[in-house]
Amino acid sequence: MKYISMAMLVLVMAAGTGCSITDTASDLRGIKGVDGDKLTHINTRNYAINLFMSKPIVGDATLNATVQAFADEAKKAGATKVRIVQSDTSVMWYLIPVLGFVFTPVYTNVAGDALLP
């Protein structure tokens with residue numbers, strides 16, 4: 001059962017490799033940001049497959065690429081400023097023994113607020 005769930009996760013990751021997925025929440029029930037700004041919360045994730053855990057071969061899940069995708073979504077929302085509150089990169093070399101060292105699934109997540117004028 002454990003290997004089946006790992007295989008399913010790897011298949012989903014492979015299908016989503018090279019993707020950038022963004023979720024936004026703009027209906028905050030009238031609540032404003034700390035500085036009184038109107039805001040939209042944005043969560044962006046990039047998925048990739050790296051060679052030997054560090055060299056992107058399919059997709060780009062580096063922190064720089066994910067922050068750029070986050071900034072693009074903030075511009076689409078009409079933001080003039082952003083506040084990044086969290087970022088995380090996961091290198092999942094452990095999913096498939098031995099093969100995971102060569103072809104490593106990676107994802108990076110950046111979450112923050114787009115501050116609207």
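In this predicted model, the side chains of Asp113 and Arg83 form a salt bridge, with 3.9 Å between N and O. The pair joins distant parts of the chain, since Asp113 belongs to strand β5 (residues 103-116) and Arg83 to strand β4 (residues 81-91), 30 residues apart. Asp113 has a relative accessible area of 11% and is buried, because buried means under 20%. Arg83, at 26% relative accessibility, counts as partly exposed.

The structure holds three salt bridges. Side chains of opposite charge can pair when their charged atoms come close.

Another of these pairs is Asp23 with Arg45, whose side chains meet at 3.2 Å, N to O. Arg45 counts as buried, at 17% relative accessibility.

There is also a salt bridge within a helix. Glu73 pairs with Lys76, and their closest N and O atoms are 3.3 Å apart. Both residues lie in helix α2 (residues 63-76); they are three residues apart, so about one helical turn separates them. Glu73 is partly exposed at 21% relative accessibility. Lys76 has a relative accessibility of 66% and counts as exposed, because the term exposed applies over 50%.

Key. Residues are numbered from 1 along each chain as its sequence is written. This is a predicted model: local features need pLDDT of at least 70, side-chain atom pairs count only at pLDDT 80 or more; totals for chains, interfaces and linings use all residues. Side-chain values use heavy atoms; hydrogens and water are left out. A salt bridge is a side-chain nitrogen of Lys or Arg within 4 Å of a carboxyl oxygen of Asp or Glu. Buried means under 20% relative accessible area, exposed over 50%, partly exposed in between (1.4 Å probe, protein chains only). Helices (H or I, at least four residues) and strands (E, at least two) are DSSP runs, numbered from the N terminus.
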